[in-house]
Amino acid sequence: MSVPSSPGGSEDFAAFLDAELDSASSDAQSHSDNGGNADNSDEHYVSKNTKKRKHYESDLDDSLRHTLSSKVVADNKCNGNIDANRCPPHPGYLHGLCIRCGFLKTLDDIIDERNVALRYIHAGLEVSNQEADRIRSNELEKILLRKKLYLVLDLDHTLLNSARFIEVTSDEDAYLQAVYMVKENIAPELRKETGLYNLHSLQMWTKLRPFVHDFLKEASRLFELHLYTMGERIYAQTIAQILDPLGYLFGSRVISQGESTCRTTKDLDVLLGAESAVIILDDTEAVWPRNKDNLILMERYHFFGSSCKHFGIASASLLEAEKDEGEDDGTLANTLKLLRQIHTAFFDGYYQDAKGGTQTYEGEQDVRKILRTIRSRVLAGCVLVFSRIFPTGLSSPETHPLWRLAESLGAICSNSLDASVTHVVAVDKGTDKARWAQEQNRHLVHPRWVEAALHTWRQPCEEFYSVSDAPCLTTFSKTVNKERPADPEIT
């Protein structure tokens with residue numbers, strides 16, 4: 001029996017299971033070869049392995065439980081725990097049986113114990129909080145030796161945008177056929193180029209965010225990648241197959257709503273990685289109530305019109321505007337630059353900022369502190385005064401979310417005008433403070449300028465967010481035109 005080096009991360013468990021199946025298949029093949037002629041066709045091989053997986057499922061559970069038990073005991077003894085082979089406490093369970101002593105979990109145990117469910121690694125697997133902490137500590141040592149960190153990726157509106165067939169209008173469908181699917185009909189491999197997928201089994205369209213494949217490839221050099229979605233398992237697996245058809249990027253690290261500890265929020269408790277080394281990319285802050293310090297808030301990717309309607313956005317979606325994000329200077333390309341800054345700051349103590357300058361980092365090896373440091377330098381040197389942004393009668397404007405956001409980005413916020421003020425933030429250029437900004441040659445910007453700084457992690461160009469009758473940019477990242485071809489002239 002092949003044994004993982006530790007009960008550590010998801011890779012160890014997944015590797016163990018795959019090795020067991022491969023071993024079983026090899027033994028069966030050897031037996032068949034000794035007994036007579038074997039059918040070596042690919043179709044027969046796949047069918048046979050499927051049957052073997054079902055046949056050995058029960059034995060695998062027993063083998064896994066025995067192996068985990070042995071490794072838990074051995075690792076704890078190495079750490080000086082002389083009671084390593086005794087229960088309770090139980091380090092974990094597989095289908096309700098303790099992986100160390102074989103004890104069957106009772107109803108009282110279910111009520112009293114708070115375990116970490118790892119169903120995305122293996123069905124029925126859970127470990128105690130104590131055991132999970134021990135595993136995270138071991139995994140942290142191993143991943144740091146490889147000079148890698150952890151990256152948790154949301155799917156919808158972060159890496160892609162999906163819409164059900166019934167949500168796509170006939171005009172949108174015609175546009176998709178004209179601009180994207182015409183290339184699909186030339187060669188299947190061009191799907192990667194267009195990024196548009198017609199998922200008949202799920203009755204939906206999925207549009208990948210531009211640059212996503214290059215982003216994942218480059219990010220995987222610096223991070224161990226995990227997918228984490230509030231979608232159903234079948235949806236998560238379908239998208240994972242599109243993003244990672246060979247299974248090199250994510251492996252078994254795909255977490256769906258059913259594997260999360262709560263159906264309405266996400267949490268790093270299901271991840272076998274230390275929180276000090278985990279970066280999260282997600283478009284929704286509210287779903288991470290306990291891990292906001294690990295979060296890079298992504299600008300939502302609204303490709304389909306139904307996506308804008310869902311969030312109450314009145315402006316046109318990218319599809320409706322016949323545009324898309326740019327490859328080289330879109331959201332994912334800019335986010336990759338930020339991830340490289342974080343990685344370099346973590347391991348080398350410095351990073352290149354958005355302007356090309358070298359910034360030092362002398363704090364702890366903790367991505368949460370690094371994120372806070374980099375964020376605090378985005379609007380450093382800017383002094384902001386807000387004009388009619390806050391509700392009338394608000395006694396403490398410094399408690400307003402926009403004020404607090406600007407300060408977290410490194411800006412100094414003030415209630416009074418003086419020579420140090422660099423920006424006046426307003427929605428009306430006719431206010432006294434707005435007129436002062438124009439007379440004193442100061443920047444007069446829309447509140448979305450501050451929001452753009454949050455999403456782009458750089459000081460935005462003020463001209464793009466000026467206070468005028470014309471609407472501000474609807475997206476923070478740069479876009480390119482994707483116009484439909486003109487109809488042929490009829491002669």
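Start by selecting E131 and R134: they sit 3 residues apart in helix 5 (residues 129–145), so about one helical turn separates them. Helices (H or I, at least four residues) and strands (E, at least two) are DSSP runs, numbered from the N terminus. Show the two side chains. They meet in a salt bridge, N to O at 2.4 Å. Here a salt bridge is a side-chain nitrogen of Lys or Arg within 4 Å of a carboxyl oxygen of Asp or Glu. Both E131 and R134 are buried. The classes are buried under 20% relative accessible area, exposed over 50%, and partly exposed in between (1.4 Å probe, protein chains only).

Before moving on, note that this is a predicted model: local features need pLDDT of at least 70, side-chain atom pairs count only at pLDDT 80 or more, and totals for chains, interfaces and linings use all residues. Residues are numbered from 1 along each chain as its sequence is written, and side-chain values use heavy atoms, with hydrogens and water left out.

The structure has 20 salt bridges. Select D267 and R290 next. Their closest N and O atoms are 2.7 Å apart. This pair links distant parts of the chain, 23 residues apart. D267 is in the loop between strand 10 (254–255) and strand 11 (278–282), while R290 is in the loop between strand 11 and strand 12 (295–297). Is D267 buried or exposed? D267 is buried, at 9% relative accessible area. R290 counts as exposed, at 53%.

Now pick D293 and R372. This salt bridge has its closest N and O atoms 3.8 Å apart. D293 lies in the loop between strand 11 and strand 12, and R372 in helix 12 (residues 367–375), so the bridge ties together parts 79 residues apart in sequence. D293 is partly exposed at 45% relative accessibility. R372 is partly exposed too, at 42%. Then highlight D154, K266 and D282: salt bridges with shared partners join them into one network.

**Helix 12**

Stay with helix 12. Its buried residues include V367, I370, L371, T373, I374 and R375. What do the buried residues of helix 12 pack against? Show strand 5 (149–153), strand 11, strand 12, helix 11 (331–348), strand 14 (350–352) and helix 13 (401–408).

**The core**

Select F215, I279, I296 and I342. They have the most contacts inside the largest nonpolar core, which has 98 residues. A nonpolar core is a set of buried Ala, Val, Leu, Ile, Met, Phe, Trp, Tyr and Cys residues joined through side-chain atoms within 4.5 Å. Helix 11 gives the most to this core, with 9 residues. Centre on I279. Leaving aside neighbours within four places in sequence, its contacts (heavy atoms within 4.5 Å) include Y150, L151, V152, F223, N294, I296, L339, I342, V367 and L371. A second, separate core holds 14 residues, among them Y175, M181, L196 and Y301.

Finish on 3 strands that form an open sheet in the order 6-8-7, with antiparallel pairing. Two strands pair if DSSP finds at least two bridges between them. Strand 6 (160–164) and strand 7 (196–199) are the edges, each pairing on one side only. Strand 6 and strand 8 (residues 204–208) run antiparallel, joined by 5 bridges. Which residue of strand 8 is the bridge partner of R164? Select M204.
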